[in-house]
Amino acid sequence: MAASTTELMDMPTPRIEPAEFQRRLLSWFDQFGRHDLPWQSPRTAYRVWVSEIMLQQTQVATVIDYFERFMARFPTLRALAEAPQDDVLHLWTGLGYYARARNLHRAAQQVVADHNAELPVERLDALMALPGIGRSTAGAIIAQSTGKRAVILDGNVKRSLARLHAVNGWPGKPAVERKLWALAEIYTPATRVVDYTQAMMDFGATLCKRTQPACSQCPFRDVCLALAEDNVQGYPQPKPKKALPTRQTLMLMLEDTKGRIWLEQRPPSGLWGGLWSLPQFESQRALDDWLATHVEGPQPHAKPPAFVHTFSHFRLEITPQPVECKALNGVRENGLWYDLTDPPALGLAAPVKKLLAQAKQQRDPFELACLPGDA
Ligand code: SF4
């Protein structure tokens, strides 16, 4: 379909001939790029996909160990699809953004059902139809696993292109994002695609970094508009700030006569979906009512200080409430007694993991508290 007049007027002009951009970038990559990442050999679509999902919001240095443990447990896409969700979340504990793990698991099951356990790397739209795979991730999977031309625009690439071209506005705004995609499209070559894709990611992550980019060593310093304006930190422009609301919660640390702590599994979607957490209450009265209904011989202890866990859209102020008890009345289906001395492999919500580690440390002050899933 022909581009409209408005679209043509919006088309950005490259700062440098695409062939020259590619030549400079690849020659920098040959010398300084990352050539020995675990997902680069063997570079299968499955391994590239898992690495791409882990790398969203997380740095390479952190991801490497998680990736290797994940591959040891789920060496194939089918093994991942057939695993219980708890096993997947357990191996994700500590990486955060658990929706990524749940989507990865669901997508693997979908690929087994609809694509005979092979990621559909011939079609961008089929990849993007899978849970958790956006346009840039789909492009990265195609480029890296097949070597065919596909365009990426992850956070690192957005930052580099926004600086090189002094693109105004927050990249989350559709008009700004469209402009950055157009630039990424212009610069992407048809050859050496695997290296080019890795080079763009490495360039943003290690040279044109968020803070203190190494402009004096940059192969584009003669054409970079942000540098010419002496305003490198001004690009890309940040998301307009909204004050985060604060919510309060009480977390019940119910301990039985064997010293075990009561945990409940969260519903499959939503906050900490599918993870194991302490029972939560919005008020002291709700907590007291629950104790009166379900717990035999409750003995509350003084509350430790509250602490804050920050999510992208709100802050959660958590007050732990330790309570000893004789027994829990009635069997509750979605819960279990968590043994601190022999902890089961479960995906734990981050603040819960912290509270359990503290409880373990208080009991064994000379042992370093370490729960499964610790990085
Ligand atoms: S000159 Fe600096 S800001 Fe510009 S692209 Fe290079 S590293 Fe990034």
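What covers the buried residues of helix H9 includes helix H3 (45–55), helix H8 (124–128) and helix H12 (193–207). This is a predicted model: local features need pLDDT of at least 70, side-chain atom pairs count only at pLDDT 80 or more, and totals for chains, interfaces and linings use all residues. Residues are numbered from 1 along each chain as its sequence is written.

Helices are DSSP runs (H or I, at least four residues), numbered from the N terminus. Ten of the twelve residues of H9 are buried, so the rest of the structure largely encloses it. Buried means that 20 or more other C-beta atoms, placed from the backbone, lie within 10 Å of the residue's own. Among them are Ser136, Ile141 and Gln144. Just after H9, Gly147 has a positive phi of about 75 degrees.

H2 and H12 form a crossing pair. Their axes (lines fitted to C-alpha atoms over the stretch in contact, with angles from 0 to 180 degrees between N-to-C directions) come within 9 Å. The two helices are therefore roughly perpendicular, a term for angles of 65 to 115 degrees. Residues in contact have C-beta atoms, placed from the backbone, within 7 Å.

| Item | Value |
|---|---|
| H9, residues 135–146 | 16 Å from first C-alpha to last |
| H2 (residues 18–32) and H12, crossing angle | roughly 75 degrees |

In H2, Trp28 and Phe29 are among the residues that meet H12, whose side includes Tyr196 and Phe203.

Definitions and conventions:
Expected span 1.5 Å × (residues − 1). Contact = placed C-beta atoms within 7 Å. Parallel < 35°, antiparallel > 145°, perpendicular 65-115°, else oblique.
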